[in-house]
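Hi,

Here is the structure I promised to pass on. My notes on its pockets follow below.

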Amino acid sequence: MQMAKVACFSGFWADILRHEMKKVFLETWGCQMNVSDSERVTGTLARDGYQVTTDENSADIIILNTCSVREKAEHKLYSRVGRIRHKNEIKPVIGVMGCVAQLEGETLFDKIEGVDFVLGTRAVGRVSTAIDEAIKNGRYFDVGEREDEYDWTVADTHRHSPYVAFLPIIEGCNKFCTYCIVPFSRGRERSLEASEIIRQVLELRRNGVKEVHLIGQNVNSYRPETESGLEGFAGKSAFSRLLRAVAATGINRIKFNTSFPRDFNDDMVDAIDEHENLCNWVHLPVQSGSSRVLKLMKRGHTIEKYLAKIDRIKASSRDIALTTDIIVGFPGETEKDFQDTVSMVKYCGFDMAYMFKYSPRPGTPAFEMVDDVSEAEKHYVF
Ligand code: 5AD
Ligand code: SF4
């Protein structure tokens, strides 16, 4: 009997006690996928007995969930770790998550002094193990595959709002646009079964959530392995059928983000026209107004095809808000190409646009092209 008590104490309870006083501070950069991963990680940490804090100075463990889309975001990590190390008297355990972690893996230990663990985008479910191992052994890294039994449900996550939930429905990217690092940091596309999405939306609704964001690097490239959950819903693609199926749950508001132009079809607009609870907003990154540059970027569509989709969106009865992403100064972009982008922006009348200076990312095809647009030209404000 005594033996059993000792055995029990050194296992489960010892783990609980070890975690009890540990405070974790988590900082998130980048896209909604990172925000969503951080929400899951905070949920996992709370479940495993850690205290999640918003006070960085009192934290025993600091985790940085990183972005590598542009060079600037990556450099931020280097200076941030340095600041943590010099500011805090007692050095917290420092963990790096997200895209930089996935891409750099073990090499981060050599590149940045003071990093204790590295946890890739596919390994977020193993955050508690990472902390434990880093404390025990001084160093831990995991950029392995997401375990099949990984809990995709969002019900237990610590959401940024009680009323709004991010629901990842597709992970990764298969598109390999020539400038982009995401296919390397997030891996291949993998879609969640529609029946599981519907189950989660219904559960969120029961729990008082009013607005659900279906998210994915290319949300409308959604391709589940089976028909499960989509039976009886009409549509020209699995995604437009999913939109109708999610609308039928009756949840108040549904947004979806980000759409890939080549996979955007008129039927998605038809679904918005049919269902009030599908919000009247489409984010459709164009990147450039020049078909020549789009070809160099390997976006898989011409500007004429993009504009035809915009025309359909504008013909909607719902007054759909339209937003986009644009990259200026892609290798080989001429003044004429840039003026084509300006004309395209005028034509589309976007409600908002995220505009980026092209940033060469090692490992991408564009990195091998000559980055021939000067910094001053990329930066020019007119
Ligand atoms: N340089 C500049 N902007 C980039 N984006 C992706 N990769 C790069 C890069 N190498 C932008 C694109 C994308 C958004 C999320 O980030 O516009 O749509
Ligand atoms: Fe990057 Fe292109 Fe994939 Fe978007 S579609 S994540 S820009 S490779």
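The largest pocket in this predicted model is lined by 44 residues, and C31, V69, Q217, T258 and D325 lie nearest its centre. Two or more lining residues come from each of helix 2 (32-47), helix 7 (182-186), strand 12 (281-283), strand 13 (321-328) and strand 14 (352-357). Helices (H or I, at least four residues) and strands (E, at least two) are DSSP runs, numbered from the N terminus. A pocket here is an open set of points on a 1 Å grid over the protein atoms alone, where a 1.4 Å probe fits, with protein on both sides within 12 Å along at least five of seven lines; lining residues have an atom within 4 Å of a point.

The volume of the largest pocket is about 1000 Å³ (the space filled by probe spheres set on the points, which are joined across faces, edges and corners). Because domain 1 (3-142) and domain 2 (164-380) both contribute to its lining, the largest pocket lies between them; the domain bounds come from an automatic or database assignment.

The second largest pocket has a volume of about 860 Å³. It has 29 lining residues, with V328, F356, K357, K378 and H379 the closest to its centre. Helix 13 gives the most to this lining, seven residues.

Residues are numbered from 1 along each chain as its sequence is written, with chains lettered from A and ligands numbered from 1 in the order written. Local features need pLDDT of at least 70 and side-chain atom pairs 80 or more, while totals for chains, interfaces and linings use all residues; side-chain values use heavy atoms, leaving out hydrogens and water.

Best wishes
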